[in-house]
Amino acid sequence: MSYRVGPRRPGDPAVLVASAEKAIAELGWRPGYTKLEDIIATARQWHHRRPRVS
């Protein structure tokens with residue numbers, strides 16, 4: 001898959017930060033994956049198993 005990096009678009013946030021700390025503390029929830037590489041790989045697998053429906 002190819003991609004290109006371009007300039008930020010109007011409305012794009014300057015920084016994105018993700019943390020499960022609040023969900024862990026308040027809900028007792030634990031993420032199944034903690035490494036970014038694993039999260040991306042499993043998300044991609046999920047999407048490949050489910051073809052788009054228009």
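Reader: What makes Arg9 exposed?

Author: Arg9 has a relative accessible area of 58%, and exposed means over 50%, so Arg9 is called exposed. Keep in mind that this is a predicted model.

Reader: Why is the pair Asp12 and Arg9 called a salt bridge?

Author: The side chains of Asp12 and Arg9 meet at 3.1 Å, N to O. The label needs a side-chain nitrogen of Lys or Arg within 4 Å of a carboxyl oxygen of Asp or Glu, so this pair qualifies. The structure holds 1 salt bridge.

Reader: Why does Asp12 count as partly exposed?

Author: Asp12 sits at 22% relative accessibility. Buried means under 20% and exposed over 50%, so Asp12 falls in between and counts as partly exposed.

Reader: What about Trp29, where is it found and how accessible is it?

Author: Trp29 is in the loop between helix 1 and helix 2. Its relative accessibility is 44%, and exposed starts over 50%, so Trp29 is put down as partly exposed.

Reader: Which residues is Trp29 in contact with, leaving aside neighbours within four places in sequence?

Author: Trp29 is in contact with Ala20, Ala23 and Ile24, and contact here means heavy atoms within 4.5 Å.

Reader: How do you know whether the chain is spread out or a compact globule?

Author: Start with the make-up: 2 helices and 0 strands. The radius of gyration is 16 Å, well over the 10 Å that the globule rule gives for 54 residues, so the chain is more spread out than a compact globule. Its C-alpha atoms fill a box of roughly 35 × 35 × 25 Å along the principal axes.

Reader: How much of the chain is buried, and what is its surface like?

Author: Buried residues make up 0% of the 54. The accessible surface comes to about 6,000 Å², with 56% of that belonging to carbon and sulfur atoms.

Definitions and conventions: Residues numbered from 1 in each chain as written. Predicted model: local features only at pLDDT ≥ 70, side-chain atom pairs only at ≥ 80, totals over all residues. Heavy atoms only, no water. Helix = DSSP H or I, 4+ residues; strand = E, 2+ residues; numbered from the N terminus. Rg over C-alpha atoms; globule rule 2.2 N^0.38 Å. Buried < 20%, exposed > 50% of the residue type's maximum accessible area, 1.4 Å probe, protein only. Areas by Shrake-Rupley, 256 points an atom, 1.4 Å probe, with all protein chains shown as cover.
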